[in-house]
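Grab a pencil and work through these exercises one at a time. Try each task yourself before you read its solution.

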Amino acid sequence: METLITCKTCGLVQRTEELGSGTVAECCRCGSVIGKRKVNSLGRTAAFALAALILYVPANIYPILRMEYYGAYTESTVWDGCVRLFQDGQWLVAVIVFVASILIPLCKLLGLFFLVVTVKLESRRWQRERVWTYKIIEVVGPWAMLDVFLLSVLVGLVKLKQIATVLPGPGLLAFTAVVVLTILASASFDPKSIWNDANKTL
């Protein structure tokens, strides 16, 4: 089945055949990529998302930082940071940290699982829900500040090292893995697979 695709670079409208897994279509005028089908999209998305979801638990249970300052020893998790911000009266910052670092990543991973399962089952009943789920994931993706939070932790390790003994906690490795795996899971999903079952009936 042929489809019309507009090149985002030069604006040329052209016909292309339905792309198979692992194939790429290029613009006949400027050579830009106008279509691409990812290899084993569902399998890789499910694997990365499952690994991230498993590591999500230790990333939020175990301490991210361990600090010793003049004999005082403290450990901090992401949730501890939210609670302390709330107790200090900075409830708006606490809510932002909770939503961006705990709630959104979890919802994003669950949304990716929903997409993988419903596409794999080839259920036509869930097409509209799949589209909305994918759009929501695309919108909230930049607001999931896992990578920013991780960078702030690493900066804190460097800065505080001059005045206190700061060590990365066991949760930091899991947190880092969740960041990487979530990015890989999102990048692996091919949105065109949402409509695979519809194309088969046309």
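**Exercise 1.** At what angle do helix 3 and helix 6 pack, and how far apart are their axes?

*Solution.* Before we start, a word on what you're looking at: this is a predicted model, where local features need pLDDT of at least 70, side-chain atom pairs count only at pLDDT 80 or more, and totals for chains, interfaces and linings use all residues. Residues are numbered from 1 along each chain as its sequence is written, and side-chain values use heavy atoms, with hydrogens and water left out.

Step 1: find the helices. Helices (H or I, at least four residues) and strands (E, at least two) are DSSP runs, numbered from the N terminus. Helix 3 covers 91–120 and helix 6 covers 170–188.

Step 2: take the axes, which are lines fitted to C-alpha atoms over the stretch in contact, with angles from 0 to 180 degrees between N-to-C directions. Helix 3 and helix 6 pack at about 35°, and their axes are 11 Å apart.

Step 3: see who does the touching (contact means heavy atoms within 4.5 Å). Helix 3 brings Lys108, Leu109 and Leu112, while helix 6 brings Thr182, Ala185 and Ser186.

Step 4: sort these residues. Ala, Val, Leu, Ile, Met, Phe, Trp, Tyr, Cys and Pro count as nonpolar, Asp, Glu, Lys and Arg as charged, and the others, Gly among them, as polar. That gives three nonpolar, two polar and one charged.

**Exercise 2.** Which residues have the most contacts inside the largest nonpolar core?

*Solution.* A nonpolar core is a set of buried Ala, Val, Leu, Ile, Met, Phe, Trp, Tyr and Cys residues joined through side-chain atoms within 4.5 Å. Buried means under 20% relative accessible area, exposed over 50%, and partly exposed in between (1.4 Å probe, protein chains only).

Step 1: read off the answer. The largest core has 14 residues, and Leu42, Leu112 and Phe189 have the most contacts inside it. Helix 1, helix 3, helix 4 and helix 6 each give two or more residues, with the largest share, five residues, coming from helix 3.

Step 2: zoom in on Leu112. Leaving out residues up to four places away in sequence, Leu112 touches Thr45, Ile137, Ala185, Ser186 and Phe189.

Step 3: look for another core. There is a second, separate one of twelve residues, including Ala59, Val78, Val97 and Phe175.

**Exercise 3.** How many aromatic pairs are there?

*Solution.* Step 1: learn the rule. Rings of Phe, Tyr and Trp (its six-membered ring) pair if their centres lie within 6.5 Å; planes under 30 degrees apart count as stacked, over 60 as edge-to-face and the rest as tilted. By this rule you get two aromatic pairs.

Step 1: check Trp79 and Phe98. Their ring centres are 6.0 Å apart and their planes are at 70°, so this pair is edge-to-face. Trp79 is in helix 2 and Phe98 in helix 3, so the pair ties together parts 19 residues apart in sequence. Trp79 is partly exposed at 48%, and Phe98 is partly exposed at 29%.

Step 2: check Tyr134 and Phe189. Here the centres are 5.9 Å apart and the planes at 40°, so the pair is tilted. Tyr134 sits in helix 4 and Phe189 in the loop between helix 6 and helix 7, 55 residues apart. Tyr134 is partly exposed at 22%, whereas Phe189 is buried at 1%.
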